[in-house]
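Hello,

Here is the structure I promised to pass on to you. Have a look at it first, and then read on for what turned up.

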Amino acid sequence: MHRIAVLGLLVCAGLPSPVLAQDTLPAVDRFYLAAGRYRADHDLDTRWDASDGSLGTNVNFQRDLGFVDRQDALAWRIGGSFGQARHHTLDAFGYDYEDASVRFLDRDLEIGDSTYPVDAAFTGRLDLDVTGVSYTWMFLQDGKRAFGIGLGAMRYDIVADLDAAATVGGTPVAYANDLSEDAWAPMLRAEYAHVLSARWRWGASLAYTRKNGGNVTGDAMDAQVELEYFPWERFGFSLRYNYNHVDLDFTRSRFDGNLNLDNRGPQLLGKLRF
């Protein structure tokens, strides 16, 4: 999906396109495809409990394990609308990043059934993939403004290798835990779009959910504000600020614990619209 989106935008951006006429943009596009960069500030906390039920240490991947807290990620979006008045919209988006860390631990960490001692030589890898889909019913629409409510879902997929080596009582000891968790968070959402002129448009969306039962509980939120500029009829640019938060408790056969993730920052995307 990432390679297809980027290739499509590069090809279309290279084609000659007429400048927009004086009539304004629609509030909702018939179809769009966008890709670009996400300058993400991220903060990941987790707790991995031992098999005997004792609580693990609350570990911050950035402060305790040395992973970076700011990183560029490839972001993509695709969506469109249907119905005679474009009252129904479908959208999907995603971004992912990966990182590696090497450092000496500055405190003891209880992770799973292992106690990683202070000054252990830690090496780790982190892969995070976030995707989302949504449906919105734009029941209020007058050509320049659109507002609607709908349903969405976000998937969080986290893979981490947490390895360390230390010498305990004169004996070399190796520690290793592999974390692999993914979860879907269904959400209620609201969206607003407002046409400013023939070339400018802005919008905002907010989605939230809280789950109190089952083997995954917690809450998740996704908020976005976007400003779009189209110097050409079919191709333009989107400057978007995204804030995403998830706080989940897991009770599973392999992993009991907590995961708290924050992603926030600006996105600059090239956008092809129809």
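In what sense do β3 and strand β4 pair, and over how many bridges? Please keep in mind that this is a predicted model. The two strands pair in the antiparallel sense, over 9 bridges, with strand β4 covering residues 88-104. Within this pairing, I78 stands opposite A92 in β4. The two strands form a hairpin with 5 residues between them, and G83 in the turn has a positive phi of about 95 degrees.

β3 (residues 70-82) also pairs with strand β1 (residues 31-48), again in the antiparallel sense, over 11 bridges. There, A35 stands opposite W76 in β3. R39 sits in strand β1 and D72 in strand β3, so the pair links distant parts of the chain, 33 residues apart. R39 counts as partly exposed at 38% relative accessibility, and D72 does too at 39%.

That is one of 19 salt bridges in the structure. Another is formed by R125 and D161, whose closest N and O atoms are 3.0 Å apart. Because R125 lies in strand β7 and D161 in strand β8, this pair ties together parts that are 36 residues apart in sequence. R125 is partly exposed, at 32% relative accessibility. E191 and R189 meet in a salt bridge of 2.9 Å, N to O, and both of these residues are buried. There is also a network of salt bridges that links D29, R201, E228, K271 and R273.

Next, the inside. A search of the whole structure finds 4 cavities of 30 Å³ or more. The largest share, 6 residues, comes from β10.

Finally, the surface. L196, W200, W202, V225, L227, W232, F237, L239 and L268 form a nonpolar patch there, with about 830 Å² of accessible area together. β10 (200-211), β11 (216-229) and β12 (235-251) each supply at least two of the patch residues. F237 is found in strand β12 and is partly exposed, with a relative accessible area of 36%.

Enjoy exploring!

Best wishes

Notes: Residues numbered from 1 in each chain as written. Predicted model: local features only at pLDDT ≥ 70, side-chain atom pairs only at ≥ 80, totals over all residues. Heavy atoms only, no water. Patch = residues over 30% accessible without salt bridge, like charges linked within 9 Å, V, L, I, M, F, W, Y side chains within 5 Å. Areas by Shrake-Rupley, 256 points an atom, 1.4 Å probe, with all protein chains shown as cover. Salt bridge = Lys/Arg side-chain N within 4 Å of Asp/Glu carboxyl O. Helix = DSSP H or I, 4+ residues; strand = E, 2+ residues; numbered from the N terminus. Buried < 20%, exposed > 50% of the residue type's maximum accessible area, 1.4 Å probe, protein only. Pairing = 2+ DSSP bridges. 1 Å grid on protein atoms, 1.4 Å probe; cavity = no way out; pocket = protein on both sides within 12 Å on 5 of 7 lines; lining within 4 Å. Points joined across faces, edges and corners; volume = space filled by probe spheres on them.
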